[in-house]
Amino acid sequence: MSTDPQQTVVEPIHNDAKIVEHDVVDNSILELQNPDSSANITRRLSESTRKLLHRRLFIVATSMLCVLLALKIVGLVFAGVSFYDFLVMMTPAIALAGVVAVLYRLPYASLRQLRVLEFVGGIVIAVDVVWVLVAETRGAIATGGLESLPATFLTISFAFAIFIAIYGMFIPSNWHRTAAITCSSALIPTITAIVLRLSNPSLQQLEGFPGFVAPTLTMMMAIAATQCTRIVNQMRREVETARQYGQYQLLEMIGQGGRGTVYKAKHRLLKRPAAIKLIRSEFANESAEIASFEQEVQLSAELTHWNSVQIYDYGRTDHGDFYYVMEY
């Protein structure tokens with residue numbers, strides 16, 4: 001075979017396949033048997049995202065609800081919070097409980113509905129963070145303990161940064177959306193602290209509020225969460241694509257016969273070249289064709305001569321095509 005990528009290449013095909021001519025295209029990925037396979041991958045990825053989003057939203061919302069309830073009860077018992085203030089502080093927890101209830105009642109909610117619930121839950125958490133920061137600031141001003149306010153703000157920002165990291169790494173989304181949400185969320189504690197500082201003259205001379213460490217921490221966590229989302233999304237798409245022909249990526253068609261097609265491929269992880277022979281679904285529905293195909297695979301797999309072709313894998317694609325993978 002010529003190695004010049006601009007020359008026409010002719011490949012011999014096993015038994016009934018006809019020899020076809022084609023131009024070698026470096027680093028190309030051929031369209032799979034179904035012409036809308038790319039759309040199928042996107043559709044399957046969207047459905048996978050919907051199921052994953054529902055499950056993880058329910059887990060995160062339930063966990064955050066438990067945390068909020070525990071914090072509110074601790075505040076009522078040990079911090080001397082009045083019962084009226086306790087009821088006001090319970091508003092975010094009640095709203096989050098509503099999100100959990102809707103997720104439980106709608107196991108087949110659409111992706112759009114889940115994104116709305118995700119938005120509501122995020123707003124609830126952000127509002128609670130702002131409320132706690134305002135309450136702590138007012139308490140420090142009332143008691144004259146302003147020197148403890150920078151440490152309190154840092155603690156609240158650290159807790160919120162953990163929430164941002166959990167969101168970015170746990171909730172499925174594309175990296176553009178994750179970047180917009182996490183980076184804007186990372187500014188919430190700092191903006192709140194700046195507004196409080198400007199509206200309270202007693203805070204204007206206080207050093208370290210909001211300071212430099214807390215805003216940097218939340219923003220770095222937002223950037224890290226965005227990067228994790230990008231990596232996870234890339235891996236999920238590769239997995240969905242790999243499901244069509246196992247772990248093999250089709251590179252170019254070698255030849256086509258009366259009942260199937262042979263492709264040159266490579267293993268996605270091992271980068272090992274291989275040849276994939278397919279029987280299209282319209283022929284694979286015939287029992288005689290299936291039996292003949294399986295017999296061909298079994299006989300080929302039994303060969304142990306050094307000059308015989310080694311069989312790597314055998315299976316059926318999501319489109320119903322039978323295939324086996326052999327040494328190239």
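Me: Buried means under 20% relative accessible area, exposed over 50%, and partly exposed in between, using a 1.4 Å probe and protein chains only. Is Phe-209 buried or exposed?

Reply: Phe-209 is buried, because its relative accessible area is 2%. Keep in mind that this is a predicted model, where local features need pLDDT of at least 70 and side-chain atom pairs count only at pLDDT 80 or more, while totals for chains, interfaces and linings use all residues. Residues are numbered from 1 along each chain as its sequence is written, and side-chain values use heavy atoms, leaving out hydrogens and water.

Me: OK. How many aromatic pairs are there?

Reply: The structure holds 2 aromatic pairs. Rings of Phe, Tyr and Trp (its six-membered ring) pair if their centres lie within 6.5 Å; planes under 30 degrees apart count as stacked, over 60 as edge-to-face, and the rest as tilted.

Me: Why is the pair of Phe-153 and Phe-209 called edge-to-face?

Reply: Because the planes of Phe-153 and Phe-209 are at 70°, with the ring centres 5.5 Å apart. Phe-153 lies in helix H5 and Phe-209 in the loop between H7 and H8, so the pair ties together parts that are 56 residues apart in sequence. Helices (H or I, at least four residues) and strands (E, at least two) are DSSP runs, numbered from the N terminus. Phe-153 is buried as well, at 1% relative accessible area.

Me: And which residues form a stacked pair?

Reply: Phe-160 and Phe-163, with 6.0 Å from centre to centre and 20° between the planes. Phe-160 and Phe-163 sit 3 residues apart in helix H5, so about one helical turn separates them. Both are buried.

Me: Changing topic. Which residues touch the most other members of the largest nonpolar core?

Reply: Leu-103, Leu-203 and Phe-209, out of 39 residues in that core. A nonpolar core is a set of buried Ala, Val, Leu, Ile, Met, Phe, Trp, Tyr and Cys residues joined through side-chain atoms within 4.5 Å. Helix H4 (111-143) is among the elements that give two or more residues to this core, and H4 provides the largest share, 8 residues.

Me: What is Leu-203 in contact with?

Reply: Leaving aside neighbours within four places in sequence, the contacts of Leu-203 include Thr-137, Ile-141, Leu-149 and Phe-209. Contact means heavy atoms within 4.5 Å.

Me: Where is Arg-115?

Reply: Arg-115 is in helix H4. Arg-115 counts as buried because its relative accessible area is 17%. Beyond its neighbours within four places in sequence, Arg-115 is in contact with residues including Thr-49, Leu-53 and Arg-177.

Me: Which arginine lies over the face of Tyr-312?

Reply: Arg-272, at 3.8 Å from the ring centre. A charge sits over a ring if NZ of Lys or CZ of Arg is within 6 Å of the ring centre and within 35 degrees of the ring normal. Arg-56 lies over the face of Phe-170, at 4.8 Å from the ring centre.

Me: How many residues of strand E5 are buried?

Reply: In E5 (residues 260-267), 6 of the 8 residues are buried. E5 pairs with strand E4 (residues 248-257) in the antiparallel sense over 7 bridges; two strands pair if DSSP finds at least two bridges between them. E4 and E5 form a hairpin with 2 residues between them. E5 also pairs with strand E6 (residues 273-279), in the antiparallel sense over 7 bridges.

Me: Last one. How many disulfides are there?

Reply: There are 0 disulfides, a disulfide being a pair of cysteine sulfur atoms within 2.5 Å. Cys-66 is partly exposed, with a relative accessible area of 48%.
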